[in-house]
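Colleague: Could you take me through this model, beginning with the overall surface and then turning to the charged pairs?

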Amino acid sequence: MVAVTFLFLCFWAAGVHGDLSRIQVTLEPDRPSLRVQLSHTAHLRCCYSATRGAVETTWFISIQTVNGTSALQGVDRRDNRVTVDEGNLTAAGVMCHTLILKEARLNDSGLYQCFLNHSALRHSVYTHGTFLQVYRPMVKILDISESTKNRILTAEGMLLMVVVLLHGTMMLYEETQSNEEEKGQKGRGEYL
């Protein structure tokens, strides 16, 4: 009985000690999406809190290919447009990493996630991620003020109303004429 109790305590101590040496990561909410105009700068963040140590952080982007499948690739730190900080620890104990993408291009659009890894983690973890959408602004063909647009819409509405009323009036007139002709034919038919 003493041997069983001793073995139980040994396994329990090993299990507790094993769990104490493991790093636990709690993910903080990421910004779900970010729209950035073409050739502007994008600031992407991933935040987490880790107990019992620091974790290695790597940025990844998941992009949609032409045939509809997604491809996961690491963010190239050698690109002059990309700046990655080593992380800032906030007062609440949350570690935040920032990826700055200068002069965003259309093909930079995709889901950006941090990959958190450490040998003491049970499983490597991806953060929730932020979807970056790089867009090309629309070019105005005609530069018209709002008051001018309102005048044009009012004129179109008036013209439409006149056309509808004119068409309806013409149809009523034709219907009245055909009814009078039918009455005239009926009246002449009774006298013959």
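**Surface, fold and salt bridges**

Modeller: This is a predicted model, and the accessible surface of its protein chain comes to about 14500 Å², with carbon and sulfur atoms contributing 60% of that area.

Colleague: What percentage of the residues in the protein chain is buried?

Modeller: The protein chain has 192 residues, and its secondary structure consists of two helices and 11 strands. Of the 192 residues, the buried share is 21%.

Colleague: Which residue forms a salt bridge with Arg81, and where does that partner lie?

Modeller: Arg81 sits in the loop between strand 5 (70-74) and strand 6 (82-84), and its partner is 27 residues away, in the loop between strand 8 (95-101) and strand 9 (110-117). Both residues of the pair are buried. The closest N and O atoms are 2.9 Å apart, and the partner is Asp108.

Colleague: Why are Glu146 and Lys149 separated by about one helical turn, and what is the N to O distance in their salt bridge?

Modeller: Glu146 and Lys149 are separated by about one helical turn because they are three residues apart in helix 2 (residues 146-191). Glu146 is exposed, with a relative accessible area of 52%, whereas Lys149 is partly exposed, at 34%. In the salt bridge between their side chains, the N to O distance is 3.3 Å.

Technical notes: Residues are numbered from 1 along each chain as its sequence is written. This is a predicted model: local features need pLDDT of at least 70, side-chain atom pairs count only at pLDDT 80 or more; totals for chains, interfaces and linings use all residues. Side-chain values use heavy atoms; hydrogens and water are left out. Helices (H or I, at least four residues) and strands (E, at least two) are DSSP runs, numbered from the N terminus. Buried means under 20% relative accessible area, exposed over 50%, partly exposed in between (1.4 Å probe, protein chains only). Accessible areas come from the Shrake-Rupley method with a 1.4 Å probe; for residues, only the protein chains shown count as cover. A salt bridge is a side-chain nitrogen of Lys or Arg within 4 Å of a carboxyl oxygen of Asp or Glu.
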